[in-house]
Amino acid sequence: MTDKDRVEEIAVALFGELFMADQLARNRISKVLPKGMELSHFGVLNHLARLNEERTPAQLARSFHVTRGAMTNTLAKLEWAGHVHIRPDWDDARRKFVAISPSGRSARDAAVQSVAPLIAEVVQSLGAERVRALLPVLREMRTRLEDEG
């Protein structure tokens with residue numbers, strides 16, 4: 001077996017594990033989110049809460065690597081629930097700005113409280129130090145994939 005074959009074998013195994021872990025994590029987290037909240041809703045609310053500033057729908061779509069249509073659909077549901085405020089851009093009527101509402105922040109906090117024990121349990125069972133050591137590798141992998149995308 002050549003070095004190239006070994007690297008490709010490792011790459012296939014790595015991405016297989018990442019895809020399976022992603023699917024399992026999404027399923028488990030979706031089950032513990034507050035009633036009516038979808039994973040995409042939680043992602044957007046969490047993002048806006050962390051940034052604590054407005055974003056355009058296009059910026060959010062880029063951040064989540066989804067189409068503008070998909071983001072518009074998610075934002076419409078969040079706006080209907082009162083979790084985000086969407087306002088026009090006063091300088092360019094074609095653009096809009098999205099901000100998390102107090103209700104959205106509360107919904108996000110409730111979701112974090114329901115998800116955190118599940119995630120903490122996994123981290124504890126793997127060992128916090130092992131997970132901490134893994135984070136820089138995963139972060140670099142993500143940034144390289146973003147740069148290439």
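A salt bridge is a side-chain nitrogen of Lys or Arg within 4 Å of a carboxyl oxygen of Asp or Glu. Side chains of opposite charge can pair when their charged atoms come close. By this rule, the count for the structure above comes to 12 salt bridges.

Before we visit some of them, a word on what you are looking at. This is a predicted model, where local features need pLDDT of at least 70 and side-chain atom pairs count only at pLDDT 80 or more, while totals for chains, interfaces and linings use all residues. Residues are numbered from 1 along each chain as its sequence is written, and side-chain values use heavy atoms, with hydrogens and water left out.

Helices (H or I, at least four residues) and strands (E, at least two) are DSSP runs, numbered from the N terminus. Here Asp22 forms a salt bridge with Arg26, and their closest N and O atoms are 3.0 Å apart. To say how open a residue is, we use relative accessible area: buried means under 20%, exposed over 50%, and partly exposed in between (1.4 Å probe, protein chains only). Asp22 is partly exposed at 39%, and Arg26 is partly exposed at 41%.

Another pair spans a longer stretch of sequence. The side chains of Lys77 and Glu38 meet in a salt bridge, at 3.8 Å from N to O. Lys77 lies in helix H4 and Glu38 in the loop between H1 and helix H2 (39-51), so the pair ties together parts that are 39 residues apart in sequence. Lys77 counts as partly exposed, with 36% relative accessibility, and Glu38 is partly exposed as well, at 37%.

Is His41 buried or exposed? With a relative accessible area of 7%, His41 is buried. Leaving aside neighbours within four places in sequence, His41 is in contact (heavy atoms within 4.5 Å) with Gly36, Thr74, Lys77 and Leu78.

Now look at how H4 meets another helix. Two packed helices are described by the angle between their axes and the distance between the axes. Axes are lines fitted to C-alpha atoms, for helices over the stretch in contact, and angles run from 0 to 180 degrees between N-to-C directions. The axes of H3 (residues 57-64) and H4 (residues 68-80) come within 9 Å and cross at roughly 110 degrees. That makes H3 roughly perpendicular to H4, a label for angles of 65 to 115 degrees; under 35 counts as roughly parallel, over 145 as roughly antiparallel and the rest as oblique. Which residues make the contact? From H3 come Pro57, Ala58, Leu60, Ala61 and Phe64, and from H4 come Arg68, Met71 and Leu75.

Strand E1 (residues 84-88) holds Arg87, which is partly exposed at 26%. Not counting residues up to four places away in sequence, Arg87 touches Glu54, Lys96 and Phe97. Arg87 and Glu54 are 33 residues apart in sequence, and their C-alpha atoms are 9.8 Å apart in space.

We finish in helix H6 (residues 128-148), where Arg132 and Glu129 are 3 residues apart, about one helical turn. Their side chains meet in a salt bridge, at 2.4 Å from N to O. Glu129 counts as exposed, with 57% relative accessibility.
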